[in-house]
Each structure stands twice: as C-alpha cells, then as structure tokens.
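Me: I'd like to go through this model piece by piece. Can we start once it's on screen?

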Amino acid sequence: MSAATTRSRTPDRLCAEALDLARSAAEEAAAPGVVGEHSGLVSEGDRVVTHYFECKELGYRGWRWAVTVARASRAKVVTLDEVVLLPGSDALLAPEWVPWSERLRPGDMGPGDLLPTDAEDLRLEPGYSGEDEPAADSAVSHEMAELVEAEDAEVTGGTPANLPVAPSRGSIAAVAEELGMRRARVLSRYGLHVAADRWEESFGAKTPMAQAAPASCVTCGFLAPIGGSLGQAFGVCANEFSPADGRVVALTYGCGGHSEAAVMPAPPRPAPPVIDETRVDPFPLRPAPDSGSVTIMADEDSAELGHS
C-alpha cells in the first residue's frame, strides 16, 4: 500500500477540526434549525474531508447535509469546497423516473388529451405505397402528360406522401381514398397479434364468465361480426345485459345472456275464481225455526221435560 493511499484514508486533522465552518456553511445553504447533529466525517483524499449533518427537513427522512472542506498543501487555513444534500442508506427516495410512454395505461386518456404515436411503432405499417417513377402507361407518366386534360388527371411532382395536399385524381392516394384505404398507416401483423392477445385475455375462453357460460358467442344472436382477418376469431357483443356489451369478444367467449341459452317461459294464467262475486247470497239475521236439532212443538206445555 502506497503512502498516498494511506494519507487519503486518514482524515486531515485541520479539516476534521473545521466543524464550525462546515456547520455554518450547511445552515447557510439550508435554513436555521434544519441542520441537525454531526453524524460523522469521511476523508475524500489528501487534505479533503466531508462532514455529514442530519437533515431535519420534512420529507427528507434519512438524508444528510454533506459539507466538504479542504486546505492547500502546507497551508493552515481550511476553506469550503461544496455543500450538498445527499441521501443516506435509509433515505426516502422518489421512484425511478419512467418515460410517459411507459407510464401510460389503458383508460388514462381523457377529453382533449393527445397521444403521439412513434414513427417507428411496431404496431403500424404503411397503409399504401407508390413508386417514385410511375409506369410508362400510367396517366401521370411523362409520356402521357399531353393527355392530362383528356384523362382528367392531375400530374404530381412526387409520391402522395410528400405532397402537402393529396391530389383528387390520377394518383394512388385518390384511388385509395375512393376505396376507403386513405389511412397513412394501418395495423401491422404484430399490432394485430397484440390486439388479439389483449382481447382474448379480457373476453376469451379462459375467463371465469366463459367457463360458466351455457354456450359460446359463436352461436349467439347478439354477436355482431367484424370484417378483416380479426373477424375470424372476434366479434362485437350487442347484448345490453351482457358484461361485454359493446366490447370486442372472442368467438369462444360466452356469458349467461346467450340468445339461445334458455327459452323464456310463458307467464302463468290465473285459475278461475272460486267465489262468484257476481251473485248475491242472502244471509238471514235470525236462524230459521226448523234449523235446530229439536222439533218445535205447537203447545209448549205438552213438551216432554228433560229434553236437551
């Protein structure tokens, strides 16, 4: 071990004793009462020492004020080098910064928000393309420029992607617009697979709802088909009582709202009334003379005694 290394690990005596200078520098950088007790010192090199003070600032638990002092060779005057606030081993730190593109989650966008799409987004690919030089028999070729008016075409100076305004006739952009393919970029194969995996995970055959369903969506009358290659495996649910109403669902998905799962029973018809409420039944206020168990005698004196 060299002498220089030994000296660098041993704190300089004058720098180590400059505790008042270090504290006053820390309080000047922070505020009175924020700088706490002296928590130690570290030798940074020859005649360079860093003093550490506890930080009492709210929200900075475990942080320390680091004040570095130094002195020149053969000098007896210690000078201030720098004052910084550094986190300790148990300091409360902010989470690592993450770009907004990685922090964004589904459902975070609100009205008025704009989400820029990366030019190299793997989920997208060019919607249409054209050659720089048109074919010889093209309506916009140089050989047929004199037939522009006859063909009612517009000669473009380059590909439609390089023009500020898409021409209305005689270009690939015009044909693409008429065919409904005017989009500059469309989903790539990777984008299709990512979307399919996401929809399959949310409304697919492995979900608890589909496992308990009486039938799958492929046989449901509420399934609205979609076009394109995704239409072979997905559709849109149109049942307002289904948990997937308005969502893209896999054909293997299912729920209890299947159109053919059960037939609604006919409402029961009430039984005919037992009491005829249209007829009046007379009820006498006094019982009839012959309604009892004893026969009424004409002469009460001739009646036998002891009857009940």
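Me: In which strand is the place of H51?
Reply: Some ground rules: this is a predicted model, where local features need pLDDT of at least 70, side-chain atom pairs count only at pLDDT 80 or more, and totals for chains, interfaces and linings use all residues. Residues are numbered from 1 along each chain as its sequence is written, and side-chain values use heavy atoms, with hydrogens and water left out. Strands are DSSP runs of E with at least two residues, helices are runs of H or I with at least four, and both are numbered from the N terminus. On that basis, H51 sits in strand β2.

Me: Is H51 buried or exposed?
Reply: Buried means under 20% relative accessible area, exposed over 50%, and partly exposed in between, using a 1.4 Å probe and protein chains only. H51 counts as buried because its relative accessible area is 0%.

Me: Which side chain makes a polar contact with the side chain of H51?
Reply: A polar contact is a pair of N or O atoms within 3.5 Å; within protein, one must be able to donate a hydrogen and the other to accept it, and residues adjacent in sequence count only if both atoms are side-chain atoms. The backbone oxygen of C15 lies 2.8 Å from a polar atom of the H51 side chain. As for a side-chain partner, at 3.1 Å, that's H38.

Me: Which side chains are joined to T50 by a polar contact of 2.9 Å?
Reply: T50 is in strand β2 too, and with a relative accessible area of 2% it is buried. Contact means heavy atoms within 4.5 Å, and beyond four places in sequence T50 has such contacts with residues including G40, L41 and V42. The polar contacts of 2.9 Å go to the side chains of E44 and T68.

Me: How many salt bridges does a search of the whole structure find?
Reply: A salt bridge is a side-chain nitrogen of Lys or Arg within 4 Å of a carboxyl oxygen of Asp or Glu. R13 and E17 meet in one at 3.6 Å, and both are exposed. D121 pairs with R123 at 2.8 Å, while D12 pairs with R71 at 2.9 Å. The search total is 3.

Me: How many residues apart in sequence are the parts that D12 and R71 tie together?
Reply: D12 is buried at 12% relative accessible area, and R71 is buried at 19%. D12 lies in the loop between α1 (3–9) and α2 (13–17) and R71 in the loop between β3 and β4, so the parts they tie together are separated in sequence by 59 residues.

Me: What separates the C-alpha atoms of G88 and W63?
Reply: G88 lies in the loop between β4 (79–87) and α4, and is buried at 19% relative accessible area. Besides W63, its contacts beyond four places in sequence are G62 and R64. Along the chain, G88 and W63 are 25 residues apart, but their C-alpha separation is 5.2 Å.
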